[in-house]
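Student: Please take a close look at one residue of this model and its surroundings. Start with the whole chain, then go in.

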Amino acid sequence: MASVNKVILIGNLGKDPELRVTGGGASVCHFPVATSERWKNKDTGNWDERTDWHNIVVWGRQAETCKEYLAKGRTCYIEGRLQTRNYEDKEGNKKYITEVIAQNVRFLGGRRDEGASMGGGASANAAMEASPPDFSAD
């Protein structure tokens, strides 16, 4: 049976990208991206909003480019696949983390030096008010 594992996101970075180089010399970049949705609450008549945080992993030359041009608050388009991995925390408990392995990253909005005020409108600013959870596997 055929299957599809495809993710497309447009969202805002919650932190500056972190670039590392593996023991084998491969570049890998990690950063969280926030996506938000708004809807009108039928009971109260108020607008409600929910923000979801996504762990993004980028490999190779594209990882180096992300580190160079992306920054907290920047809007980007990400296309990739979901991958879940596990690790043991400091207490020996097994933890699971789901990440988007990005195959295509497009930078949206202005240049990096324009800061967190780039593109995205009101919902982008609201998404940045909440801090992203710490997804590091350290």
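Tutor: Take contacts, meaning heavy atoms within 4.5 Å, between residues at least 6 apart in sequence: 63% of those in the protein join residues at least 24 apart. This is a predicted model: local features need pLDDT of at least 70, side-chain atom pairs count only at pLDDT 80 or more, and totals for chains, interfaces and linings use all residues. Residues are numbered from 1 along each chain as its sequence is written, and side-chain values use heavy atoms, leaving out hydrogens and water.

The protein has six strands and two helices, in the order β-β-β-β-α-β-β-α from the N terminus. These are DSSP runs, numbered from the N terminus: helices are H or I of at least four residues, strands E of at least two.

Now the residue. Cysteine 29 sits in strand S3, residues 27–40. It counts as buried because its relative accessibility is 0%; buried means under 20% relative accessible area, exposed over 50%, partly exposed in between, with a 1.4 Å probe and protein chains only. Of the protein's 138 residues, 33% are buried.

Beyond four places in sequence, cysteine 29 contacts Pro17, Glu18, Leu19, Ile56, Val57, Val58, Ala63, Cys66 and Lys67. Isoleucine 56 lies 27 residues away in sequence, yet the C-alpha atoms are 8.0 Å apart.

Phenylalanine 31 also touches Ile56, Val58 and Cys66, among others, again leaving out residues up to four places away. In the largest nonpolar core, of 16 residues, Phe31, Ile56, Val58 and Ile78 touch the most other members. Such a core is a set of buried Ala, Val, Leu, Ile, Met, Phe, Trp, Tyr and Cys residues joined through side-chain atoms within 4.5 Å.
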